[in-house]
Amino acid sequence: MWSSYSARHAAQLIGLTESAVRSCIRDGLIGSPGEVPARLSFRDLAALRAMKALVDAGVPLTRVRKDLLEIARALPDGATLAELPLEARGGRVCLRGQGTSAGQLELPLGPQRRGDAPADGALHPLPRSATAAGPQPAPVITADEWLARAAALEEQDPPAAIEAYQRSLRLRPDCSEAWINLGRLHAESGDADAARRCFRSALDVDPADATALYNLGVVAQDAGEESDAIELYRRALELDTSLAEAHYNLATLYDRTGDARQAIRHINEYRKLTKP
């Protein structure tokens, strides 16, 4: 007889957040997307353990999911991620014994343009012009340039991306996009308090930002604050009815609290928004 596990139980067993497990279900990496309540098999748990090992090896969870999706597309019918010899190499997910995972591209290591972010996220001195006489002033980096640099660093070097978002916000604290992206990185690194502060700062800038409300809902749900999460998801949907994941998460929460009618309504909305 096969045992089944809920997303919450699987998260507790593996050491991932419940939202991370739900994201893997929605991606189709484990379980059955759209199934409420989610029911995971022992094989799904094995796949989650492999993902957790990759995260522990230093690969950001968002990168793990993207690379595994590329690998999963090349799998023959009936094969699962749990059966593959996965390893972390150079900040990416690879099949052991192969150069890169399916669909991956090696990053070119050509010369960088003046002002570009170094590949490792470190701060390097700018080269002096061969014709320059004496020290040259460093070019001023704008808030938008720090924002673009942060986005480029997210997958390869999350700590450097966090620093770049912070630099952007010191120059332009009214940028809700930077607050939301910074909060997401804090949440993915396990700093829920810092994530909450960032999402609330985004709402201070724009009280009608549905994404900030949704993200606060995810943080609340991961913390077990289910009534707060439901309220935040509902407020987010009042502002943006196209937030499919808010419907999915509400369906999960209402199913857990025994409100079958609301669970069915929201999973149907989720399916309408995500159907091909």
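**View 1. Gln 221, a buried residue in helix α9.** With a relative accessible area of 0%, Gln 221 is buried (buried means under 20% relative accessible area, exposed over 50%, and partly exposed in between, with a 1.4 Å probe and protein chains only). You'll find Gln 221 in helix α9; helices here are DSSP runs of H or I with at least four residues, strands are runs of E with at least two, and both are numbered from the N terminus. Skipping neighbours within four places in sequence, Gln 221 is in contact with Arg 8, Glu 18, Arg 22, Ala 229, Tyr 233, Asn 249 and Leu 253 (contact means heavy atoms within 4.5 Å). A quick note on the model: it is predicted, so local features need pLDDT of at least 70 and side-chain atom pairs count only at pLDDT 80 or more, while totals for chains, interfaces and linings use all residues. Residues are numbered from 1 along each chain as its sequence is written, and side-chain values use heavy atoms, with hydrogens and water left out.

**View 2. Helix α2, mostly covered.** Nine of the 10 residues of α2 are buried. Among them are Glu 18 and Arg 22, two residues that Gln 221 is in contact with. Just after α2 comes Gly 28, with a positive phi of about 85°.

View 3. The lining has 45 residues, with Ser 19, Leu 61, Arg 184, Ala 187 and Glu 188 lying nearest the centre. Elements giving two or more residues to the lining include α2 (18-27), α7 (176-188) and α9 (210-222).

**View 4. Helix α7 and its packing.** α7 has 13 residues and reaches 18 Å from its first C-alpha to its last, close to the 18 Å expected at 1.5 Å a residue (the expected span is 1.5 Å times one less than the number of residues). Trp 179, Ile 180 and Leu 182 are among its buried residues, and the buried residues of α7 pack against α5, α6, α8 and α9. After the helix comes Gly 190, whose phi is positive, near 95°.

**View 5. The largest nonpolar core.** This core has 41 residues, and Tyr 165, Leu 182, Tyr 214, Tyr 233 and Leu 243 have the most contacts inside it. A nonpolar core is a set of buried Ala, Val, Leu, Ile, Met, Phe, Trp, Tyr and Cys residues joined through side-chain atoms within 4.5 Å. α9 gives the most to this core, with eight residues. Leaving aside neighbours within four places in sequence, Leu 243 is in contact with Ala 210, Tyr 214, Ala 236, Leu 237 and Leu 273.

**View 6. His 266 in helix α12.** His 266 sits in α12 (residues 260-274). At 3% relative accessibility, His 266 counts as buried. Apart from neighbours within four places in sequence, its contacts are Leu 237, His 247, Leu 250, Ala 251 and Tyr 254.

Note on methods: 1 Å grid on protein atoms, 1.4 Å probe; cavity = no way out; pocket = protein on both sides within 12 Å on 5 of 7 lines; lining within 4 Å.
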